[in-house]
Amino acid sequence: REAIHGYWAAVSYVDALVGQLLDELDRLDLRKNTVVILWGDHGWQLGEHGFWCKHTNYEVAARVPLIISVPGQKHPGRQSPRLVEFVDIYPTLAEVCGLPKPEGIEGISFKPLLDNPDRPWKTAAFHVYPRTVRGQGNVLGRAMRTERYRLVEWATPNRGFVEYELYDLEADPDENVNLANRDESMPVLAEL
């Protein structure tokens, strides 16, 4: 309980400091020509699924805060339900700042979401994290997050070990029920 209290106190303190920074930009009249982007490291599990860490493929550990303010933005303060990834930040900043996007970088600019937060967008975001499985050694967990599902494929290259986790985030946002081995989930599992 004290650890959770301390964690949320730290988050609240950072929130207050960001507010002070934005207030200072307003006081100096710099917001009209300043792009502000705030993103953070991935989440921390505070006992969810029995973990006190940040290194899992669960949604609570994989998601991150991402807030952007661009001068002239059509919908300031509006949240988008669409999926973006860290690799999309650089091309977005390049586009909103009028800079060329270098050849060979990954990611796509999510500037169109600033104009239309509900527009159709990419269908999935990806996350990778390893774990140790008794008798298998280190296995790689590749996670795919769609707007509705999270699929994790655990596999050991060249050893034949494969295991799946599938969560319906609409029905089970805390990812407590693995649907991967249920007959009725096979079409979704195969599609993802």
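Select tyrosine 167 to begin: this residue is buried, with a relative accessible area of 4% (buried means under 20% relative accessible area, exposed over 50%, partly exposed in between, with a 1.4 Å probe and protein chains only). The model is predicted, with local features needing pLDDT of at least 70 and side-chain atom pairs counting only at pLDDT 80 or more, while totals for chains, interfaces and linings use all residues. Residues are numbered from 1 along each chain as its sequence is written, and side-chain values use heavy atoms, leaving out hydrogens and water.

Tyrosine 58 lies in the loop between strand E1 (36-39) and helix H2 (59-62), and tyrosine 167 in strand E6 (residues 161-168), so the pair ties together parts 109 residues apart in sequence (helices, H or I of at least four residues, and strands, E of at least two, are DSSP runs numbered from the N terminus).

Ring pairs link Phe51, Tyr58 and Tyr167 into a cluster.

Finally, select arginine 131 and tryptophan 154: the arginine lies over the face of the tryptophan, 4.2 Å from the ring centre (a charge sits over a ring if NZ of Lys or CZ of Arg is within 6 Å of the ring centre and within 35 degrees of the ring normal).

Definitions and conventions
Phe/Tyr/Trp six-rings, centres within 6.5 Å; stacked < 30°, edge-to-face > 60°.
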